[in-house]
Amino acid sequence: MKSYRKELWFNIPKRRGFINITPQVEGALHDSGVREGLVLVNAMHITASVFINDDESGLHQDYDRWLEELAPHAPVSKYLHNRTGEDNGDAHLKRQIMGREVVVAITEGKLDFGPWEQIFYGEFDGGRRKRVLVKIIGE
Amino acid sequence: MKSYRKELWFNIPKRRGFINITPQVEGALHDSGVREGLVLVNAMHITASVFINDDESGLHQDYDRWLEELAPHAPVSKYLHNRTGEDNGDAHLKRQIMGREVVVAITEGKLDFGPWEQIFYGEFDGGRRKRVLVKIIGE
Amino acid sequence: MKSYRKELWFNIPKRRGFINITPQVEGALHDSGVREGLVLVNAMHITASVFINDDESGLHQDYDRWLEELAPHAPVSKYLHNRTGEDNGDAHLKRQIMGREVVVAITEGKLDFGPWEQIFYGEFDGGRRKRVLVKIIGE
C-alpha cells in the first residue's frame, strides 16, 4: 500500500469565498503514483470546508446568501463562541452545512468523477493563511 | 490491496425521492471479495445525495418537507444558478444538507452497521438517469 | 494492509450533548499499530453524529441552539416519523446537519490534524447506550 500526503495553503482576502482546488488535488494524485485507491481532502481548520459541487459562479453566490440566512454573521453577539474574543461563531456553523471533507475514488490513476464534480475549498473566516490536507492511499 | 468499482444507475420519475440502495451495495461488496476495508458510496451528480439513516417512510416525508423549508424549489428566480437555464438551484443546496457520500467499514466481509443503518440515494432533481459510484478497497 | 476495529460506547443522560472522543480514537490508533492510512469514525445510530470542530463550550451551546432552530424537538406531532411511537424525529434531521462520520488521515502514527481539530460524538436522542465505530486501515 502506498500513501502520500500534501498540504495546500490558501489565503482568502475576504471573509468568505470558494476556490476550485481540483487541479491541485489532481496534481497530488499524479505525484503519488497511486492508480487505485482513495483520496481524502479535508480542511485542517474548523471554519472552512472542502466540498464537491458545480463550478458555477451564480451557484456560489446562492450558497453564500443561503448560508448567511441559515447562520448570519451579525450580530456577532448572537454567538456565545464570540465571547472568547472571536467574531467567527457563524463560520463554525456554516462549515457544518458544507462539510469538512470529501473522499474521492481513484480509478486508473484518475479522480473517479461524474460529469460536473469539482472540489472546492470553502472559506468562512478568511484573511489568514489556512490549509487543506490531501491524503492518498492505494496502489 | 484489492479494489473494486461499480456504478449504480437510477431514474427517479419525480423531482425528489429516496431509494434504499443497501442491497446493491451489499451485492457489490460480495462481488469484490473484500473482507476487511472501506467502501465509499457517492452520488456522481451534484443535485443528489448518498446518506445513511432509517428506512421509515414518515421520516422520508419529514426530510422532504424540511429540505423544502430550508431551500425551497420555488420561486426558481430566487436562485442565481437558475439564470443558466436550469431550475435546480434548490437541489444543489438540499444536496449539501444531506451529503454527497458515505464511507462504511467492511468487517468480516460485511457492511459494519449499527441496528438501523441503511444507505439511501437521495434525488433532488429527478426525471433523468443518474449514477452512484461504489468503490471498495481492502483485502 | 492492516485493519483494526473498535466500538466506543456512550450513554448521554440528557436528550442532547457533545463529547470529545479524540483521546479514545487516539488510543485505538495506538493499539492498531497503523502508521500510514485512514481512520473512519462513525455513529452506529441514526440519531447521533460524529463531527470535527472546536472544543469550546460556548460553540457547543451555539450548535445546540442553532440545531433547535433548524429542526425543533417540539411539537413532536410536527414529524410524521413520530407516528411510529418515537419522539425523536428532530434528532434524525439534526444528525444530517452535523454528519454521520469523519475520515481522518493517519501520518507517522498520528491523527493528521490542524491546530484546533477535535473529534466529537453528538447525541440528539440520549438516555440510552449507543455506539461509535472506529475502523482503521493502513500499514
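**Exercise 1. Count the aromatic pairs in the whole structure, then classify the pair C:F18 and C:Y63.**

Solution. Begin with the rule: rings of Phe, Tyr and Trp (its six-membered ring) pair if their centres lie within 6.5 Å, and the planes count as stacked under 30 degrees apart, edge-to-face over 60 and tilted for the rest. Over all chains, the search finds 18 aromatic pairs. For C:F18 and C:Y63 the centres are 6.3 Å apart and the planes stand at 65 degrees, so this pair is edge-to-face.

Helices (H or I, at least four residues) and strands (E, at least two) are DSSP runs numbered from the N terminus. C:F18 belongs to strand 2 (residues 17-20) of chain C and C:Y63 to helix 2 (residues 57-70) of chain C, so the pair ties together parts 45 residues apart in sequence. Both C:F18 and C:Y63 are buried, where buried means under 20% relative accessible area, exposed over 50% and partly exposed in between (1.4 Å probe, protein chains only).

The model is predicted; local features need pLDDT of at least 70, side-chain atom pairs count only at pLDDT 80 or more, and totals for chains, interfaces and linings use all residues. Residues are numbered from 1 along each chain as its sequence is written, chains are lettered from A and ligands numbered from 1 in the order in which they are written, and side-chain values use heavy atoms, with hydrogens and water left out.

**Exercise 2. Describe the aromatic pair of C:F18 and C:F124.**

Solution. The geometry is edge-to-face, with 6.3 Å centre to centre and 80 degrees between the planes. C:F18 is in strand 2 of chain C, while C:F124 is in the loop between strand 7 (118-123) and strand 8 (129-138) of chain C; the two are 106 residues apart. C:F124 is buried, at a relative accessible area of 1%. In chain A, one aromatic cluster is formed by A:F18, A:F51, A:Y63, A:F120 and A:F124.

**Exercise 3. Find the residues with the most contacts inside the largest nonpolar core.**

Solution. A nonpolar core is a set of buried Ala, Val, Leu, Ile, Met, Phe, Trp, Tyr and Cys residues joined through side-chain atoms within 4.5 Å. The largest one has 45 residues, and A:W66, A:I97, B:W66, B:I97, C:W66 and C:I97 have the most contacts inside it. Helix 2 and helix 3 of chains A, B and C are the elements that give it two or more residues.

Apart from neighbours within four places in sequence, C:I97 is in contact with A:Q96, A:I97, B:W66, B:I97, C:W66, C:L67 and C:L70. In helix 3 of chain C, 10 of the 10 residues are buried, so the helix is largely enclosed by the rest of the structure. Helix 3 of chain C is followed by C:G99, which has a positive phi near 95 degrees.

**Exercise 4. Characterise the interface between chain A and chain C.**

Solution. Start with the contacts: 29 residues of chain A touch 36 residues of chain C. Then take the buried area, the accessible area (1.4 Å probe) that two parts lose on being put together, summed over both. Chains A and C bury about 2,600 Å² between them, 59% of it on carbon and sulfur atoms. A:M1, A:I46 and A:Q96 supply 23% of the area that chain A buries against chain C, more than any other three residues.

Last, count the salt bridges (a side-chain nitrogen of Lys or Arg within 4 Å of a carboxyl oxygen of Asp or Glu). There are 3 between chain A and chain C. C:D112 and A:R5 meet in a salt bridge at 2.5 Å, N to O.

**Exercise 5. Examine the backbone at A:P75, B:P75 and A:E108.**

Solution. Recall first that most residues other than glycine have a negative phi, and most peptide bonds are trans. A cis peptide bond joins A:A74 and A:P75, with omega about 0 degrees; A:P75 lies in the loop between helix 2 and helix 3 of chain A. The bond from B:A74 to B:P75 is also cis, with omega near -5 degrees.

A:E108 has a positive phi, near 50 degrees, and is not a glycine. A:E108 sits in the loop between strand 5 (101-107) and strand 6 (110-111) of chain A and counts as exposed, at 58% relative accessibility.

How values were computed: Contact means heavy atoms within 4.5 Å.
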